[in-house]
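Have the picture open while you read.

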Amino acid sequence: ILALTYIGSERTVPNYNTMGVCKAALEASTRYLAGSLGPKGIRANAIAPGFIATDMTRVLSDDQKAEMARTIPLGRAGQPEDVANAVLFLASEGAAYITGQVLNVDGGMVM
């Protein structure tokens with residue numbers, strides 16, 4: 001089981017209060033599922049993407065994007081491939097002993 005959450009559950013994001021609460025619930029559910037389904041050999045993890053260059057973020061001005069990038073230790077927006085690679089890793093046998101985790105794919109935005 002792999003869920004997609006959002007950094008809003010760990011970091012206050014103005015005007016996204018409800019989303020943050022919902023994402024925190026999704027993360028708690030991920031841990032609950034990991035504990036409940038682990039004995040059956042089923043792993044449950046979640047991905048929490050940060051600022052990712054998508055259609056949703058393309059509407060931001062260059063100044064807004066630059067300001068956001070300044071809050072990210074790696075200094076840039078993530079790419080969809082960054083999230084896809086994390087999903088592929090968690091779904092692989094290389095992550096066979098990982099469960100109940102939320103992996104932030106955010107360039108260090110939430111530490």
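Both faces of strand β2 are covered: Asn-45, Ile-47 and Pro-49 are buried on one side, and Ala-46 and Ala-48 on the other. Buried here means under 20% relative accessible area, exposed means over 50%, and partly exposed is in between (1.4 Å probe, protein chains only). In a regular strand, side chains alternate between the two faces of the sheet. This is a predicted model, where local features need pLDDT of at least 70, side-chain atom pairs count only at pLDDT 80 or more, and totals for chains, interfaces and linings use all residues. Residues are numbered from 1 along each chain as its sequence is written, and side-chain values use heavy atoms, leaving out hydrogens and water.

β2 also has a partner: it pairs with strand β3 in the parallel sense over four bridges (pairing takes at least two DSSP bridges). Ile-47 has Leu-103 as its bridge partner in β3.

Here are the elements by residue range; helices (H or I, at least four residues) and strands (E, at least two) are DSSP runs, numbered from the N terminus.

| Element | Residues |
|---|---|
| Strand β2 | 45-49 |
| Helix α2 | 55-58 |
| Helix α4 | 80-91 |
| Strand β3 | 102-105 |

Now for α4: its buried residues are Val-83, Ala-86 and Leu-90. They cover an arc of only 60 degrees around the axis, so they sit on the same side of α4 (the arc is that of the directions from the helix axis to the C-beta atoms). The face turned away from that buried side carries exposed Leu-88 and Ala-91.

Finally, Thr-57 in α2 is buried, with a relative accessible area of 10%. The Thr-57 side chain reaches the backbone oxygen of Ile-52 at 3.0 Å.

How values were computed
A polar contact is a pair of N or O atoms within 3.5 Å; within protein, one must be able to donate a hydrogen and the other to accept it, and residues adjacent in sequence count only if both atoms are side-chain atoms. The expected span of a helix is 1.5 Å times one less than its number of residues.
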